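Colleague: Please put the model up, and then we can go through the contacts one by one.

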Amino acid sequence: MPSSETFYQAEPYTLHEAEIVERLQESPTIFTLRLRFTDPGIRSAYRFAPGQFNMVYLYGVGEIPISIVSDPEDPFLLDHTIRTVGRVTRGMDRLQAGDRLGVRGPYGRGWPLDKAGGRDVILVTGGLGCAPLVSVINYIIRRREQYGRFVLMQGVKHSDELLWRGKYERWSRMPDTQVMLAADVAGSNWPWLVGRVTALLEQVSIDPMNCIVMMCGPEIMMRTAIENLLQRGVPEEVIWLSMERNMQCGTGHCGHCQLAGKFVCRDGPVFCYQDVKAFLGKKGF
Amino acid sequence: MAQMAAAGFSFLQRGRFQQLFDVLQEAGYRCVGPRVTDGAILYDTVTKVEDLPQAVRDRQAPGHYRLESSKSELYFAWANGPQALKPLVFKPRETLWQCQAQPSRGLQFETVPPEAPATAVIGVRACDLAALRLQDRHFIHGPVVDPAYLARRRNLFLVAVNCTHPADTCFCRSTGDGPQVTNGFDLLLSEIDAGFVIEARTDQGVDVLGRLPTEGATAKQLEAARQPIARGAQAQTRRFPTRNLRDTLLSNLDHPRWQQVAERCLSCGNCTAVCPTCFCHSEGDEPTLDGSRSEHYRQWGSCFTRTHSYIHGLVIRGDTRLRYRQWLTHKLGTWHEQYGRSGCVGCGRCISWCPVGIDLTEEIAAICASAADA
């Protein structure tokens with residue numbers, strides 16, 4: 001079986017046709033496309049790790065990097081959760097089951113699951129930042145006994161924007177798993193915190209020497225959360241975050257995604273806090 | 001009077017220089033060399049010695065490039081033009097793949113094979129070879145190999161020429177990249193009045209050299225070849241810190257000089273276009289009018305554009321201060337982290353071709369002179 005790394009390297013500019021098997025409307029502006037490669041050979045060769053992304057191509061319009069949400073144990077079906085914001089995503093929003101896209105990937109380095117064994121796993125996500133961590137949640141839930149406590153924190157601007165409410169409810173019933181949700185602005189039927197995701201951190205006990213933290217979302221949110229964690233004695237080397245920059249090639253060549261000396265598409269998108277802390281929140285990086 | 005031939009060096013008389021073109025063309029190479037085009041020296045197809053610039057030299061200064069006539073009969077008595085080898089290996093625009101829309105809703109992808117004709121470049125400078133090594137590291141020696149770059153790079157035959165007439169904007173001596181060519185070539189020429197001292201470095205180079213009507217170079221010819229290179233090096237006045245500037249620059253992100261240079265900089269991207277090491281590019285799609293096919297291309301980009309750092313509604317580098325700072329902190333600072341050295345080879349093109357004459361050696365000197373400690 002080829003590793004996910006060697007899968008694309010031989011031919012970095014080869015796209016593969018994928019069919020939309022299902023389209024799920026997650027919120028008014030967020031949808032998930034469930035994709036399957038049409039070529040059975042590609043389907044069986046393709047593997048990815050949680051936190052990696054694909055370059056997804058809309059015919060005649062362009063490519064965008066989208067993280068893979070689905071379970072790496074089932075690489076035959078690839079879920080990509082997308083917010084409608086730009087030219088390509090608006091076009092993708094109009095697609096239906098049966099339509100085709102181009103896919104190349106997977107790219108980047110994913111989450112450090114090899115370093116998480118035996119530890120409490122704390123996920124801090126904001127907005128659609130939860131998407132790149134869903135595959136981690138699936139991964140851990142399948143191997144629940146290999147990890148310590150499991151804490152999932154997710155924040156949204158408005159409670160209507162919470163995705164996967166049912167999933168969170170289901171995950172919260174898993175053993176030794178704590179789901180904590182926050183909305184800056186809450187509508188009716190919001191039993192969780194009204195406030196920022198970082199306020200959730202105040203409510204949770206953390207064993208700083210036996211945890212690993214993975215976060216994804218707006219940088220300001222991650223910086224605030226990191227500040228809190230560091231104050232509580234969580235070492236820098238167990239804090240991991242997924243960064244987002246303009247990416248056009250996925251291979252570390254086009255130069256757009258540079259974060260000081262790092263190519264986010266190739267050296268990330270998941271980084272250890274230690275490796276990016278000097279530039280986090282620095283204007284222009 | 002017979003003179004002792006110097007080991008390893010051949011000599012080709014000026015009157016026989018056409019033979020180099022003939023041998024290369026017979027070997028199947030398209031020859032590319034310097035030509036006077038639109039008032040500048042550009043690399044283009046050459047078939048005969050008469051195509052080369054002769055009796056011209058370039059005058060360069062910040063924001064200034066002019067060709068002047070000179071009395072010299074030499075073909076290479078000039079420094080450089082706006083191009084290096086970059087357009088020959090990393091094309092300004094090329095199609096990477098295309099997609100055919102099938103009536104059945106299907107999409108058929110085809111990789112477009114790169115055009116990679118066997119090309120012999122005559123007149124390659126030391127700075128350009130240094131830049132090519134950096135582009136090699138970026139495109140083919142990293143974890144992912146760029147197939148288009150690799151195909152063209154493999155088909156290059158490099159005839160380097162030692163630089164004897166650096167421009168006022170040159171500072172390759174300071175960066176350690178010239179003017180003497182030391183490696184990375186197939187053939188190396190040193191031009192003197194009577195002809196060319198030639199050295200072959202690769203098997204292909206030895207092969208081509210063997211087909212030329214050369215004689216052994218004499219010690220006198222070697223000395224005549226050496227002197228103008230040394231003089232050219234001495235004539236360079238611009239200086240550049242050779243040490244790793246990463247920490248210095250990254251510790252001085254709020255230095256007032258960034259704002260001062262931003263007030264002069266037009267954010268036009270000329271510097272990145274002429275820079276022989278800048279590699280940034282953008283990708284895009286161009287569907288045919290009938291919608292049945294779409295081409296996916298890449299073209300040179302620039303960190304001086306707004307779109308370079310765009311992510312869904314947010315521009316990371318929204319103003320010129322941040323963009324100039326990005327260019328320089330990358331080129332001279334974080335480049336060390338990525339490629340083990342600075343991204344500047346001292347060719348001076350960004351100085352000459354900047355419409356407002358910004359000189360990076362001055363900018364860097366100003367920042368280093370009053371830098372906060374790293």
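Modeller: A search of the whole structure finds 36 salt bridges over all chains, a salt bridge being a side-chain nitrogen of Lys or Arg within 4 Å of a carboxyl oxygen of Asp or Glu. One of them joins the side chains of Glu17(A) and Arg100(A), at 3.2 Å from N to O. This is a predicted model, in which local features need pLDDT of at least 70 and side-chain atom pairs count only at pLDDT 80 or more, while totals for chains, interfaces and linings use all residues; side-chain values use heavy atoms, without hydrogens and water. Residues are numbered from 1 along each chain as its sequence is written, and chains are lettered from A and ligands numbered from 1 in the order in which they are written.

Colleague: How many residues apart in sequence are the parts that Glu17(A) and Arg100(A) tie together?

Modeller: Glu17(A) belongs to strand β1 of chain A and Arg100(A) to strand β6 of chain A, so the parts tied together are separated in sequence by 83 residues. Strands (E, at least two residues) and helices (H or I, at least four) are DSSP runs numbered from the N terminus. The separation asked for is 83 residues.

Colleague: What area do domain 1 of chain A and domain 2 of chain A bury between them?

Modeller: By an automatic or database domain assignment, chain A has domain 1 (16–107) and domain 2 (113–242). Their contact, meaning heavy atoms within 4.5 Å, takes 16 residues from domain 1 of chain A and 13 from domain 2 of chain A. Buried area is the accessible area (1.4 Å probe) that two parts lose on being put together, summed over both. Carbon and sulfur atoms hold 60% of it here, and the total is about 1200 Å².

Colleague: Which element gives the largest share of the side of domain 1 of chain A that touches domain 2 of chain A?

Modeller: Across this interface the rule finds two salt bridges, and Arg142(A) forms a salt bridge with Asp71(A), with the closest N and O atoms 2.5 Å apart. On the domain 1 side, β1 (16–27), β2 (30–37) and β5 (78–83) of chain A each supply at least two residues. The largest share is three residues, and it comes from β5(A).

Colleague: Which three residues supply 21% of the area that chain A buries against chain B?

Modeller: Chain A has 44 residues in contact with 49 residues of chain B. The two chains bury about 3900 Å², 57% of it from carbon and sulfur atoms. The three that supply more of chain A's part than any other three are Tyr13(A), Tyr59(A) and His253(A).

Colleague: Which element gives the largest share of the side of chain A that touches chain B?

Modeller: There are three salt bridges between the chains, and Lys262(A) forms one with Glu337(B), the closest N and O atoms being 4.0 Å apart. Elements giving two or more residues to the chain A side include α1 (4–9), β4 (62–67) and β14 (262–263) of chain A. The largest share, four residues, is that of β6(A).

Colleague: What ipTM does the predictor give the complex?

Modeller: Chain B averages a pLDDT of 95, and 98% of its residues score at least 70; pLDDT is the predictor's confidence in each residue, from 0 to 100. For the complex, the predictor gives a pTM of 0.94 and an ipTM of 0.93.
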